[in-house]
Amino acid sequence: MKYAFRHAMAIPAAALVVTLAACGGGSGNASSSASGTSTGTTSAGGTDPVAALSAATATSLGATPLSTSSTQDVYDLTATIGDSWRLTVDTSDPAAPTFTINVQATQYALTSTSPSPVSKSVNGSFTTYTGQGLNVTVDTRTRIISGTVMVGGKSSSVTGTGYSVTDGTKLAGTYAYVGRTTDDDGSSSPYLAAGEFNIASTGTAVTVCQSGVFNGAGCTPVVNGPATLNLTMAYNSALPGFELSSNGQRVGIARVAAGDRGPVFLVDWYDSTLTSSPVTRTGLLGGVKLATLAGNEFNGSWVCTDGTTPTVSGTAVTAAAAQFALDYNKLPVLAAAGNSAIAFEGLAAVMSSSSYTGQFVLPMSAGLALTGTFGTDSLAVCAQQ
């Protein structure tokens, strides 16, 4: 396995290069407790549907909060550069709240930080923490976090969860995923992939279908492939997280978030296998329980780590000077006359007028999505605001 995410589809495509227009705050107005966790109720006293669905997912997974303290918020972060970190926000001294980053696994010899001042702001269902090298927002309905963090001079986009899940049998099923790796300098030789992976009922065997779908027994290709990766999975409390291994060698650390659409996989992925050259590949894989999209899963106003801020209603995407459309349950591919798309559950292909742009979206929860562009092999984390 030389490159865990090498995409079988070489797809040149234009990205959404316009800076999309920022709009107002995100949907939902669940109230927040002092620690930033969701109460699951709206200001009118009703139950927030996203919070209720996320809570149901957490119950089904046996998920437990990383912190139940009213003066400490804890989130496990997966960095897109291929590291695993833990954010702890301590508000025990209301006049001087602090945050620390504990480095749990690193490809860059990074070390944990000392406590630093932090500011907290609440906007409806979203809590934002800012400090030196820290700018992250929590969707309090789901305890899913995203933003940017700098550790030891190394900056990365991050996403993560405030939950701990330890029972792999509760994760059994098939997931749609996208992922991206680079050489461990964080920028060289990027590769982007999309496909499905399946976790067996035992919770210990994972079949990854790159550019393919899981057919119940193995992988079926959809375009030029797929490459099949057979992995093992086991919870490791020392990480903490699920350790993914190939032939006895760790290739990833998975954390699981309790999304409103089901479990969300966030994988710190790397491949340090010595092949033709001793290059370590690092990156992020994101997956969500496979389902046919209804066409409204990307609704809302979003902020993405590539600088875009799309506003979406159904299939319509509003840009600063243009309109785009989403073709749900489709994956863009290269055809003789340009980009086209094929049927693929769980993803949405982006169109400009009647042409596919090569960009696609993986909605993961009401407040989290990944967007990728084949050709540039870029991947962005998008959070609803």
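Two strands are taken to pair if DSSP finds at least two bridges between them, with strands (E, at least two residues) and helices (H or I, at least four) being DSSP runs numbered from the N terminus. The model is predicted, so that local features need pLDDT of at least 70 and side-chain atom pairs count only at pLDDT 80 or more, whereas totals for chains, interfaces and linings use all residues. Residues are numbered from 1 along each chain as its sequence is written, and side-chain values use heavy atoms, with hydrogens and water left out.

Strand β28 spans residues 378–384. Within it, Ala383 stands opposite Val303 and is also the bridge partner of Leu368. Three bridges link β28 to strand β21 (residues 300–304) in the antiparallel sense, and six link it, again antiparallel, to strand β27 (residues 368–373). The latter two strands, β27 and β28, form a hairpin with four residues between them, and Gly375 in the turn has a positive phi of about 105°. Six of the seven residues of β28 are buried (under 20% relative accessible area, with exposed over 50% and partly exposed in between; 1.4 Å probe, protein chains only).

Strand β20 (residues 281–289) is largely enclosed by the rest of the structure, because eight of its nine residues are buried. Its antiparallel partner, strand β11 (residues 173–183), is joined to β20 by nine bridges, and Gly179 has Leu285 of β20 as its bridge partner.

Thr207 lies in strand β13 (residues 205–210) and counts as buried at 17% relative accessibility. Beyond neighbours within four places in sequence, the contacts of Thr207 (heavy atoms within 4.5 Å) include Glu196, Phe197, Phe214, Cys219 and Leu229.
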